[in-house]
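Student: I would like a close look at one part of this model, and then an account of what else can be said about the local structure. Please keep the answer connected.

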Amino acid sequence: MRRLYLLMGLAILVVWLLIDDTSAVGGNASPAAAGPPSAQQQTCCPEGSGTSPHKECVGGACVDVYECGFDNCAACQGCDPDGTKEWQCIQQGWIWDPFNCLCSPPGCDPDGSLEWQCVGEGGTWDPYTCWCTMSGCNPGPAILAHTTSTRYCYETGGEESFVMECSTTWRNYEVFCQDGSLYASWTIEENYCYWNDYCYQ
Amino acid sequence: MNQRTKNKRSTALLVAIFVLAQGSLVVLAQAPAKTLHDRAKDAGGKLIYPYDADRSVVYPNVEELAKHSDLIIIGRTVGHRARLTADGMVVTRDFLVKTQEVIKGDIQPGLGIAVSVPGGSYRFPDGVYVYVRPRDYLDAKDGKLYVFFLRAKGSLTKGHQVAGGVQGLFELTDGGVQPADLVADDPVVVKYKGKKGADFLAEIHRAVNKGKKRP
């Protein structure tokens, strides 16, 4: 209901602004204040001088320029216009610099596993040196503390809806510091579903 | 532009900012008034919560997604932990993502960043379990390569949130792009599902460059 009020308020605001903009264009407002040049202005360019707006490469980006001229974004296409080099670089797990089209090796922790392990054990990770600084906790290994499960039914929806029976198992892991205090806990769910029209019975 | 119009526009801008701020607060919202803990207790200690992605805004293409993203990265998910949001209404999987490219935003490529995606299990200290089950989008998985269109970190989650609900999450596979969004007629699914990785990346770069203003 709250969202509905907000939307109604926004709609009224838009109508109000539209009415105001119309009067401004018809009144004392200059053409420049009436927003971007319209298609009408495209005809204002002398013959042979292109269109307004036209596209140009400005600061490495292909943008609309509101002057007479011809589209020319050739300089903007960069060194990898079709994304092939970028895709190859990304796929092999390296780091891509789109501004210079450079593909660099990923450094001392290529797949992030060292960082993940460090953070998981309560350390602070330095990505530049790949140093893991441990806190005072000195956490032990993760222990499976609880396991519980439940079952439920649901319909897939859509034109051909199926009734599925699912079971979910939760495994709760805990990590303790050397002094016995709980350092971290998390839950992993495992789901198994199969088609069962009689699930609700 | 006369003074009256200026005043009117200023007022309108303030109202719009207020409305948008309200909108940002409903990210990850759709949850009923009760917390997940209370709902799970009511359900006998175990709750399966079928969760639909936030669709309060639907972007038509990567250009619009890019405009409304603070950060666009390509990276591999290293691992995740499920966490309860600060308001206790949703569980998110918080992924550590190893960035391989930063297309938009001010972070160093190669660093790990946290991304929060709704879904996952959580066990409360009193033993109550809840599982937020994605209903209309694919779970992100560990060890996969994704393009992330992200919003700045909010106060509710530990990591960055995906822009456009889950519209801004695309897995890059050898077989083509796989949007996380499972709604078949969603514009980004229609446009990009199955598209070749290189073509998709080139399109994102074009979209981001197009969005840059003339200096």
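Is Cys101(A) buried or exposed?

Tutor: This is a predicted model, and what follows should be read as such. Cys101(A) has a relative accessible area of 17%; because the cut-off for buried is under 20%, Cys101(A) counts as buried. Cys101(A) lies in the loop that runs between strand S3 (95-97) and strand S4 (102-104) of chain A. Its backbone deserves a note: phi is positive, about 55 degrees, although Cys101(A) is not a glycine.

Another cysteine of chain A can be set beside this one. Cys130(A) is not a glycine either, and its phi is positive at about 60 degrees. Cys130(A) sits in the loop between strand S5 (123-126) and strand S6 (131-134) of chain A.

Two further backbone details belong to chain A. The peptide bond from Ser52(A) to Pro53(A) is cis, with omega near 5 degrees, and Pro53(A) falls in the loop between helix H1 (2-26) and strand S1 (54-58). Gly93(A), which follows helix H2 of chain A, has a positive phi near 85 degrees.

Helix H2 (residues 84-91) of chain A itself has Glu86(A), Trp87(A), Cys89(A) and Ile90(A) buried. Viewed down the axis of H2(A), the buried residues fall within an arc of 165 degrees, so they line one face of the helix.

Turning to chain B, the largest nonpolar core has 31 residues, and the members that touch the most others are Leu36(B), Ile73(B), Val115(B), Phe148(B) and Leu150(B). At least two residues of this core come from each of several elements of chain B, among them helix H2 (36-42), strand S2 (71-84) and strand S4 (112-118). With four residues, S3(B) gives the most to this core. A second, separate core of 28 residues includes Cys89(A) together with Ile74(B), Tyr192(B) and Val208(B).

Val115(B), one of the residues named for the largest core, is in contact with Phe148(B) and Leu150(B), among others, when neighbours within four places in sequence are left aside. Its contacts also include Asp94(B).

Asp94(B) is placed in strand S3 (residues 91-104) of chain B. With a relative accessible area of 5%, Asp94(B) is buried. Its side chain makes a polar contact of 3.3 Å with the side chain of Arg83(B). Beyond four places in sequence, the residues that Asp94(B) touches include Gly79(B), His80(B), Arg81(B), Ser116(B) and Lys158(B).

The last item is a sheet. In chain B, three strands form an open sheet with the order S1-S6-S5 and mixed pairing. Its edge strands are S1 and strand S5 (120-123), each of which pairs on one side only. From one strand to the next, the twist averages 15 degrees. The pairing of S1(B) with S6(B) is parallel and runs over six bridges. Pro50(B) stands opposite Arg133(B) of S6(B).

How values were computed:
Residues are numbered from 1 along each chain as its sequence is written. Chains are lettered from A and ligands numbered from 1 in the order in which they are written. This is a predicted model: local features need pLDDT of at least 70, side-chain atom pairs count only at pLDDT 80 or more; totals for chains, interfaces and linings use all residues. Side-chain values use heavy atoms; hydrogens and water are left out. Buried means under 20% relative accessible area, exposed over 50%, partly exposed in between (1.4 Å probe, protein chains only). A polar contact is a pair of N or O atoms within 3.5 Å; within protein, one must be able to donate a hydrogen and the other to accept it, and residues adjacent in sequence count only if both atoms are side-chain atoms. Contact means heavy atoms within 4.5 Å. A nonpolar core is a set of buried Ala, Val, Leu, Ile, Met, Phe, Trp, Tyr and Cys residues joined through side-chain atoms within 4.5 Å. The arc is that of the directions from the helix axis to the C-beta atoms. Two strands pair if DSSP finds at least two bridges between them. Axes are lines fitted to C-alpha atoms, for helices over the stretch in contact, and angles run from 0 to 180 degrees between N-to-C directions.
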